[in-house]
Amino acid sequence: MYRSHFGLSRHPFAKDIPADELFVAQAQKELEVRFGHLINLRGIGLFTGDSGSGKTTVGRKVVASLHSGLHRVFYVPNSTGNVMDLYKSIAWEMGLPTERSRAALYRAIRTEVTRLDVEAHLQPLLVIDEAHHLRSDVLEELRLLTNYDMDSQNRLCLVFVGHSELRRRVGMAVHEALNQRIIVRHHLGGLLRDELPLYLTHLLRRAGTELPLFEPAALEAIYQASAGLPRKVNSFAHHALNAAAIAHAKAVTAEHVQAAAPEVG
Ligand SMILES: Nc1ncnc2c1ncn2[C@@H]1O[C@H](COP(=O)(O)OP(=O)(O)OP(=O)(O)O)[C@@H](O)[C@H]1O
Ligand SMILES: [Mg+2]
């Protein structure tokens with residue numbers, strides 16, 4: 001409802017911002033660089049961060065930047081379930097038949113990875129998002145998927161993306177073999193304090209206004225409440241704009257941010 005009050009041409013906090021129109025946050029840029037580095041090295045990577053820090057967004061940006069003539073990306077967003085479920089998801093992503101035994105699926109996936117790499121010269125990249133949901137046996141199976149020619153070849157680049165607890169889990173003794181093979185790991189933090197006004201200005205500009213809609217005290221309140229996590233920032237900013245519009249205010253104050261808190265949850 002605040003769109004007409006503030007003269008916005010579209011919703012500022014959409015989830016589908018094109019990769020080249022995203023705000024360039026320092027921490028996300030760093031993750032992007034490491035992600036690119038991992039792709040060059042073709043190994044196993046572990047990228048963690050709090051919910052809403054922007055991991056999937058960065059992944060989307062990196063994938064969008066890859067040349068389709070050089071890479072083939074398989075994205076598995078749902079990592080609950082057993083090994084069979086995971087193999088089916090990967091096979092589905094690869095366009096392989098899924099109605100097979102576990103051993104046949106495993107072989108088919110490996111054959112496809114080898115075909116892509118050796119014959120098609122397309123580097124396969126498997127991204128497992130929400131990987132903190134993976135069961136321990138499934139984590140280990142994924143490691144085995146990256147073992148080619150008696151562990152002498154890196155054919156498959158495997159990326160685990162998940163919440164902070166994934167780091168702790170992978171560090172447990174039972175995952176030592178996997179842990180040792182992780183060649184790039186990075187933890188994504190939120191926006192820096194100085195970046196918050198720039199982030200909101202960027203999103204509001206995309207929505208059609210150059211006006212400073214947030215008072216400095218409101219920005220501080222949003223930062224305190226969100227720890228700079230973009231999804232939380234969006235949520236506080238959205239509800240605070242709503243509160244300001246209901247009050248017919250010209251700009252969002254710290255009180256509007258406080259009024260928004262119960263709605264954010
Ligand atoms: N650089 C950015 N520019 C604009 N919006 C962003 C940016 N980064 C994150 N966002 C916003 O924050 C939201 C949350 O980001 P994202 O879904 O990538 O977080 P996540 O770390 O994957 O969270 P989860 O762990 O819950 O999956 C996005 O939907 C988007 O609206
Ligand atoms: Mg995500």
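Visitor: How many bridges join S3 to S4?

Guide: Happy to start there; this is a predicted model, where local features need pLDDT of at least 70, side-chain atom pairs count only at pLDDT 80 or more, and totals for chains, interfaces and linings use all residues. Residues are numbered from 1 along each chain as its sequence is written, with chains lettered from A and ligands numbered from 1 in the order in which they are written. Strands (E, at least two residues) and helices (H or I, at least four) are DSSP runs numbered from the N terminus, and two strands pair if DSSP finds at least two bridges between them. S3 and S4 run parallel, and the number of bridges joining them is four.

Visitor: In S4, which residue is the bridge partner of Val127?

Guide: Val127 belongs to S3, where it is the bridge partner of Tyr75. Towards S4, the partner of Val127 is Val159.

Visitor: Through which helix does the chain cross from S3 to S4?

Guide: This β-α-β crossover is right-handed: with the strands pointing away from the viewer, the path from the first strand over the helix to the second runs clockwise. The helix on that path spans residues 136-145 and is H6.

Visitor: In what order do the five strands form the open sheet?

Guide: The edge strands, each pairing on one side only, are S2 (71-76) and S5 (182-188). S2 pairs with S3 (residues 123-128) in the parallel sense over six bridges, and Arg72 stands opposite Pro124 in S3. The whole order is S2-S3-S4-S1-S5.

Visitor: How many of the residues of S3 are buried?

Guide: A residue is buried if 20 or more other C-beta atoms, placed from the backbone, lie within 10 Å of its own. In a regular strand the side chains alternate between the two faces of the sheet. On one side of S3, Gln123, Leu125 and Val127 are all buried, as are Pro124, Leu126 and Ile128 on the other. The count for S3 is six of six.

Visitor: Which residues come nearest to ligand 1?

Guide: A residue counts as near if its C-beta atom, placed from the backbone, lies within 6 Å of the molecule. H3 (residues 55-65) and H11 (230-246) each supply at least two residues of the shell. Of the 19 residues around ligand 1, the nearest are Ser51, Gly54, Thr56, Thr57 and Pro230.

Methods
Two residues are in contact if their C-beta atoms, placed from the backbone, lie within 7 Å. Axes are lines fitted to C-alpha atoms, for helices over the stretch in contact, and angles run from 0 to 180 degrees between N-to-C directions. A residue is buried if 20 or more other C-beta atoms lie within 10 Å of its own, exposed if 12 or fewer, and partly exposed in between; C-beta atoms are placed from the backbone.
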